Amino acid sequence: MEQIINISSPVNAMNEKANTAERSIIKKFRRELWCRFTKAVQEYELIQDGDRIAVCISGGKDSMLMAKLFQELYRHGRRNFELVFLVMNPGYNDANYQRILDNARLLNVPLTVFQTEIFDIVNSEKGSPCYLCARMRRGYLYSKAKELGCNKIALGHHYDDVIETILMGMLYGGQVQTMMPKLHSIHFEGMELIRPMYLIREKDIIRWADYNDLHFIRCACRFTEACASSDETEMTSKRAEVKQLIAKLAERDPEVESNIFRSVENVNLNTVIGWKQDGVRHHFLDTYEGES
């Protein structure tokens, strides 16, 4: 049984720490965070008049910063949209769950929390349950957001997630694709996914958190819970391997990261052997003879 729990900070809870965190977004980290957030919103047309957006918060640094960025956008920009700060509890342990609530109160982010049993369900899977867990989490978020009258969900994926995904697809998936800045939902009619942190670097998110002495949960699922305290576990993942590879290449050539990002903006179909569009496979030989 799911239960909606509305968690709001007291009226007088605008403490100095929250004020400092908010000011640092607009002032100290303006170029790195605020400008890149607003650029993504504008460049990829992520918000339209009348949108009601479910800002999905996992409790990590990325999603909590995203919540604050949306609050600042609403405070300083056009108020042509509505926000719901949505937290799904898939079965967090008590310490992680409490950390999410405490950080939300500290940062004055009013949460709407609902419960699921995803961790119990996927825990019975053989091998790594990560793919199933991710699909179920996404589905629950779409469903609850739609129930709450939202037409969009916002996820906290950042620039580094994007370039790592591109390279992972090539190295381990044998495909060229990217994590899109926005997507129409296939299974939830009228719903859309947006990624407003698309242009923000992870290092700048970490700098913001450290500057404000904020501590967020790192790895909350039961299957990989050890990664919250074990660097060894974290570094065995494919994404961590790719992250290390990109960092090493960037040491030799700082343009590597931006080149990976731009590679999916500059695809030349005249030099591609094959591609898929709307589920249909195409091959360069399909039209090769007609081009001579």
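The protein exposes about 16500 Å², of which carbon and sulfur atoms supply 50%; accessible areas come from the Shrake-Rupley method with a 1.4 Å probe. This is a predicted model, in which local features need pLDDT of at least 70 and side-chain atom pairs count only at pLDDT 80 or more, while totals for chains, interfaces and linings use all residues. Residues are numbered from 1 along each chain as its sequence is written, and side-chain values use heavy atoms, without hydrogens and water.

Of the 292 residues in the protein, 43% are buried, that is, under 20% relative accessible area. The protein contains 12 helices and 9 strands, taken as DSSP runs (H or I, at least four residues, for helices; E, at least two, for strands) and numbered from the N terminus.

Asp-160 belongs to helix α7 (residues 159-173). Neighbours within four places in sequence aside, Asp-160 is in contact (heavy atoms within 4.5 Å) with Ile-200, Arg-201 and Glu-202.

The second largest pocket has a volume of about 790 Å³. A pocket here is an open set of points on a 1 Å grid where a 1.4 Å probe fits, with protein on both sides within 12 Å along at least five of seven lines; lining residues have an atom within 4 Å of a point. The lining of the second largest pocket comprises 23 residues, and Val-176, Gln-177, Val-267, Trp-275 and Lys-276 lie nearest its centre. Strand β8 (residues 274-277) gives the most to this lining, with 4 residues.

How values were computed
Buried means under 20% relative accessible area, exposed over 50%, partly exposed in between (1.4 Å probe, protein chains only). Grid points are joined across faces, edges and corners, and a volume is the space filled by probe spheres set on the points.
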